[in-house]
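Hi,

Here is the structure I promised to send over. Have a look at it first, and then read my notes below.

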Amino acid sequence: MPLMKDLFRLAHAPRGAFLLVLMVLASAMASAAEIPDFETIARSFEEETIADRRWLHENPELSNRETKTQAYLSRSLAEIPGITFVDGDWGTGLVAKLHGGKPGPLVAWRADIDALPITEDTDLPYRSTCRDTLRGGRSVGVMHACGHDLHMSIALGAIRTLSAVRDQMPGTLLIIFQPAEETGDGAHDMLAAGLFSGENKPRCVLAFHDHPTIAYGQVGSCSGWSTANVDGFRLTVKGRGGHGAYPHRSIDPVSLAAKMVLAFNDIVAREIDVNHHAVISVGRIEGGAKGNVIPHEVRLEATVRTHDDETRQAVRSKVERVVSSLAQSVGAPEPGLEYYFGTPAGYNNPELVEQARTVFRRVLGPENSITYPPGMGGEDFSRYGQVVPGFQFRIGVAPPGQENTMSLHSPQFNADERAVGLGMRLVAEVLWDQLNR
Ligand SMILES: [Zn+2]
Ligand SMILES: [Zn+2]
């Protein structure tokens with residue numbers, strides 16, 4: 001915006017130039033006035049949103065069992081002016097709309113709602129003491145160790161904040177509370193139930209994940225590939241068992257399995273272009289009962305992570321080749337290989353990323369909008385991004401100084417709760433920006 005001394009100087013300039021500057025000044029003031037005072041509005045809802053977070057943290061539920069959570073979210077949304085619910089077969093999920101008073105686009109926001117089978121080990125006054133029973137009958141503690149309690153409460157706080165200015169809000173916000181992110185099927189099931197069909201197909205979809213290695217007060221973003229294809233395989237290496245003292249009379253599947261593990265490492269190290277990320281990790285290997293008995297078979301389980309589809313397909317065919325050819329090389333039977341493709345890689349639409357970064361820099365200061373490199377973790381938010389442009393950013397929840405010690409999925413995970421107030425404002429600002437485009 002021009003300074004007063006510039007205006008004074010321009011008052012002595014030719015009349016045309018002065019009028020032009022006045023017009024520029026007026027439009028700058030108009031666009032500045034278009035952004036409501038979200039800091040003040042969000043603060044007025046902060047206390048009740050922190051109360052939401054604490055209730056949700058204390059009452060976690062496992063994937064596809066989030067019935068109390070669903071009821072709580074439904075009650076909370078129903079109290080927010082301007083909300084309507086979208087009927088559908090959403091399981092334990094929930095879909096709603098916040099209607100703005102002006103014409104504009106449909107923009108989607110997603111928050112995931114499930115917790116993990118982890119026994120909480122914090123001394124928070126609102127820590128979870130909940131337990132549940134896994135299929136198979138094992139009793140486990142349940143905890144929001146991935147911070148989805150923050151995802152839900154911050155979404156509620158942002159919706160309240162936007163609802164307060166809904167008369168000036170263009171377009172409609174499509175709100176998705178998604179179950180079963182941790183098992184990787186929540187987003188798939190909601191899309192299969194018609195979430196983005198017909199008039200409910202948004203122009204774009206956004207979300208955040210709380211992040212334990214980013215300090216409170218900062219936000220992280222990654223343009224392009226940001227999460228990985230979460231694939232893997234189960235492998236049964238077959239041999240012929242016998243006495244450990246006479247290996248030449250057997251076909252040793254332990255020795256063969258060991259060769260295969262090293263060959264998987266070589267696929268990544270020697271056969272994949274270093275510019276295309278890939279990881280193969282064998283996390284489980286099991287066979288035999290005793291040191292002097294060569295077993296009949298050895299079972300392996302591995303996870304495979306990639307970003308682009310070409311590498312994803314290539315790793316699969318190389319694993320098939322290695323497994324088959326190594327078995328043949330020692331005269332072993334064909335191994336049993338069960339290879340599966342799971343949650344797809346997440347792609348952050350670069351245009352959405354740039355637009356949101358402008359908001360991050362304005363709200364938090366340029367030094368607090370940080371860029372992080374692509375990761376090999378998975379998140380089923382990626383499935384929405386396969387239908388419409390998507391962007392998932394990361395809100396820092398590490399208490400200052402603890403950026404290197406906190407971990408998601410840990411029984412000691414303890415987010416800096418101030419992230420609720422800051423997060424709800426940031427989400428409202430990002431959504432407002434998108435609704436105005
Ligand atoms: Zn998680
Ligand atoms: Zn999570």
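Strand 6 (residues 170-178) is mostly covered, with 8 of its 9 residues buried. A residue is called buried here if 20 or more other C-beta atoms lie within 10 Å of its own, exposed if 12 or fewer do, and partly exposed in between, with the C-beta atoms placed from the backbone. Helices (H or I, at least four residues) and strands (E, at least two) are DSSP runs, numbered from the N terminus. Strand 2 (residues 94-99) runs antiparallel to strand 6, and 6 bridges join them; two strands pair if DSSP finds at least two bridges between them. L98 has L173 in strand 6 as its bridge partner. Strand 3 (residues 102-112), by contrast, pairs with strand 6 in the parallel sense, over 8 bridges, and there A111 stands opposite F177.

Residues are numbered from 1 along each chain as its sequence is written, while chains are lettered from A and ligands numbered from 1 in the order in which they are written. The pLDDT is the predictor's confidence in each residue, from 0 to 100. The protein chain averages a pLDDT of 94, and 92% of the residues score at least 70. Two stretches to watch are residues 1-11, where the pLDDT is below 50 and the model has 9 contacts beyond near neighbours in sequence, and residues 26-33, also below 50, with 1 such contact. A contact means that the C-beta atoms of two residues, placed from the backbone, lie within 7 Å. Where pLDDT is low, the predicted coordinates should not be read in detail.

Now the overall picture. The protein chain has 12 helices and 18 strands, and its C-alpha atoms fill a box of roughly 100 × 50 × 45 Å along the principal axes. Of its 437 residues, 40% count as buried. Among contacts with a separation of 6 or more, 81% are between residues 24 or more positions apart.

4 strands form an open sheet in the order 12-14-10-15, with antiparallel pairing. Strand 12 (278-287) and strand 15 (336-340) are at the edges with a single partner strand each, so one side of each has no neighbour in the sheet. Neighbouring strands are turned by 15° against each other on average, direction ignored. Strand 12 pairs with strand 14 (residues 297-306) over 9 bridges in the antiparallel sense, and G287 has V298 in strand 14 as its bridge partner. Helix 8 (residues 253-271) packs on this sheet, touching strand 10 (229-238), strand 12 and strand 14, and its direction makes about 170° with that of strand 12. For these angles, axes are lines fitted to C-alpha atoms, for helices over the stretch in contact, and the angles run from 0 to 180 degrees between N-to-C directions.

I280 is buried, with 23 other C-beta atoms within 10 Å. Leaving aside neighbours within four places in sequence, I280 is in contact with F264, I267, V268, A302, V304 and V315.

Helix 9 (residues 309-329) also belongs to this part of the story: its buried residues pack against strand 10, helix 8, strand 12, strand 14 and strand 15. In helix 9, R312, V315, V319, V323 and A327 are buried. They cover an arc of only 80° around the axis, which puts them on the same side of helix 9; the arc is that of the directions from the helix axis to the C-beta atoms. On the other side of helix 9, E310, Q313, S317, S325, Q328 and S329 are exposed. Just after helix 9, G331 takes a positive phi of about 75°.

Two more spots to look at. In helix 6 (residues 148-163), 16 of the 16 residues are buried, so helix 6 is largely enclosed by the rest of the structure. E429 sits in helix 12 (residues 418-435) and is buried, with 24 other C-beta atoms within 10 Å. E429 and A158 are 271 residues apart in sequence, but 8.6 Å apart in space, C-alpha to C-alpha.

Cheers

Definitions and conventions. This is a predicted model: local features need pLDDT of at least 70, side-chain atom pairs count only at pLDDT 80 or more; totals for chains, interfaces and linings use all residues.
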